[in-house]
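Open the model in your viewer and get ready to select residues. Each stop below tells you what to pick and what is there.

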Amino acid sequence: MNRFARNILLIFCLMFVSCPVLLAQSDNRDTVVIVKEYSPTISDAIKISNNPEIKDSLQEKSKLNYRIESRVFKTEFGVSGINPAKMTQEPLTKLYRNLLKAGYGTYSTPYAEYYYNSLRSKNNMLVFHARHLSSSATLKDYGFSGYSNNAAEIDLRRFLRKQTLGFNAFVDRNVVHCYGYNPEDSLYANLDKDNTRQRFFLAGSSLSFGSSTMTGKDADYEIKTDFWTYSDLFDAVDSDISVGGFYAVPIKADTAMKSQYFKISFGGNYHRQQTAIDTLERGLINVLPEFTFRANFFSLRAGLKTYIESSPDSARFRLFPIAELGFSVSEDILQFYAGVNGGVNRNTFRSLTEENPFLNSVAYIRDSYQKYHAYAGFRGSFSSSVSFNLRFSDKKIESHPLFVNDSIPDLLFDVVYDNINIMDFHGEITYRKTEKIRLMAYTDYYIYKLDVQSKAWHMPSSKFGLMTKYNLKNTLIGTLDIFFVGDRFARQYEQSTATFSERKLKGYIDLNIGLEYRYSKMLGAFIRFQNLAATRYEEWNGYPSQRFSVLGGITYSF
């Protein structure tokens with residue numbers, strides 16, 4: 001029976017196990033959509049570790065006791081030499097001794113200019129320069145207006161250990177024609193380019209000796225002597241000899257002072273003016289002691305100019321204070337300044353004809369005296385590329401020269417002197433971006449007040465200037481210059497009534513453009529367009545300028 005029971009139980013178990021298999025073989029007609037090839041995977045099983053784990057709730061930390069025994073470790077070292085580092089210098093730019101410019105322009109205008117420069121030297125320097133510019137222009141309804149400007153100059157320098165010895169010599173020869181008349185007018189029927197010609201000749205030299213260290217710790221000094229002579233075609237001769245110099249010594253100061261020094265300047269001048277009708281001799285001695293110091297945000301300069309004037313029949317003593325104060329709100333960003341000065345202005349036939357070449361050769365020449373020149377303003381910078389300066393000034397000048405049309409002959413100018421007060425509102429701004437772009441603009445507005453004359457003859461009411469330069473990779477260089485001169489007044493002689501009258505000279509704009517192309521470091525070409533507005537303005541009453549003109553040429557370095 002036990003065997004029988006076991007068999008029955010075994011059969012029952014086999015039937016129980018076989019049931020799921022039989023059910024799996026049942027007819028299953030569900031639809032299956034296969035989207036990709038079947039890839040069988042086996043997921044990770046979570047296994048129960050069979051190793052026993054004991055968790056102890058009470059943990060004891062063992063204490064570790066130790067000590068450090070210090071011992072000196074003997075070390076030995078040896079010093080080995082280090083080879084000096086080699087600095088790679090940028091190659092020096094090749095210099096050329098000679099530069100030649102030559103060109104030709106409208107109004108039959110030849111142009112030539114030559115430079116000679118010695119190469120790099122620690123001992124000597126030699127510079128020579130010569131220039132020629134002339135024109136054979138004839139303006140409509142005016143006389144022959146040709147001119148010729150010629151100049152040559154040589155400059156020598158000898159560099160000693162702490163001093164520099166210099167020598168300079170120059171010569172100028174300029175020719176102009178007094179063309180301020182109408183050839184069709186019967187009053188000027190006998191005038192031509194030969195008897196309206198005026199020639200000025202200048203020759204001079206200077207010798208200087210001074211310190212060249214400029215360390216700020218040692219004394220700085222220079223002494224210089226000058227001589228020149230100046231003449232024209234009508235027996236007017238100027239001769240001038242002067243000796244001058246300065247001595248500056250630094251003064252020790254506390255650490256708050258950046259610089260502090262005492263300086264004394266001195267000079268002596270002898271001038272002789274000879275005309276066809278008179279001879280004038282004048283002497284002038286001047287001494288200027290001054291003290292200057294600069295702190296972090298403060299600067300002060302104070303001195304006293306002393307003049308002794310002498311002539312064959314008189315001598316005069318004059319004093320002019322010198323002072324300037326500066327205060328910086330932020331260094332190199334904004335600085336306020338104010339000052340006052342004065343002095344003697346030496347007028348000569350040379351200085352006046354260099355301003356107005358149509359001056360009568362027998363005009364009376366005398367010195368002017370700047371009684372005071374007071375000014376105040378502020379300057380600074382908006383950035384490393386942009387700087388500015390705004391200033392107001394007021395000055396009083398005794399015996400200021402003014403040019404007026406002469407009566408006989410009326411195509412020349414004479415000089416009248418008057419005490420004048422000049423107020424000037426000045427502003428300027430400068431932009432510089434490396435060597436590629438440069439721009440500078442300025443403006444001035446003037447107010448005049450005179451004692452005798454009704455107007456400040458030939459002095460403008462305002463000025464404006466804009467000068468730009470653009471450098472494209474040192475290959476193409478362009479310049480643009482714009483100048484504006486406001487209204488002026490001239491005093492002219494009326495032949496019909498034998499009286500003087502006023503004439504208003506309108507303001508004018510002078511626009512100039514220049515282009516230079518450098519084909520190589522040796523060869524280049526240039527062209528200049530002058531007076532693009534083509535206005536015939538009068539710088540001096542009765543003397544109009546040339547209209548639009550062009551000058552072009554080549555440059556060659558060798």
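Is phenylalanine 529 buried, partly exposed or exposed? Select phenylalanine 529: its relative accessible area is 25%, so it is partly exposed (buried is under 20%, exposed over 50%, partly exposed in between, with a 1.4 Å probe and protein chains only).

Before moving on, note that this is a predicted model, where local features need pLDDT of at least 70, side-chain atom pairs count only at pLDDT 80 or more, and totals for chains, interfaces and linings use all residues. Residues are numbered from 1 along each chain as its sequence is written, and side-chain values use heavy atoms, leaving out hydrogens and water.

The structure holds 26 aromatic pairs (Phe, Tyr or Trp rings, the six-membered one for Trp, with centres within 6.5 Å; planes under 30 degrees apart are stacked, over 60 edge-to-face, the rest tilted). The rings of phenylalanine 529 and phenylalanine 548 are stacked, because their centres are 6.4 Å apart and their planes at 10°.

Next, select Tyr179, Phe358, Phe403, Phe413, Trp540 and Tyr543. Ring pairs link them into a cluster.

Go to arginine 379. It lies over the face of tyrosine 337, 4.0 Å from the ring centre (the cut-offs are NZ of Lys or CZ of Arg within 6 Å of the ring centre and within 35 degrees of the ring normal). Arginine 528 lies over the face of tyrosine 111, at 5.6 Å from the ring centre.

Last stop: asparagine 98. It counts as buried, because its relative accessibility is 12%.
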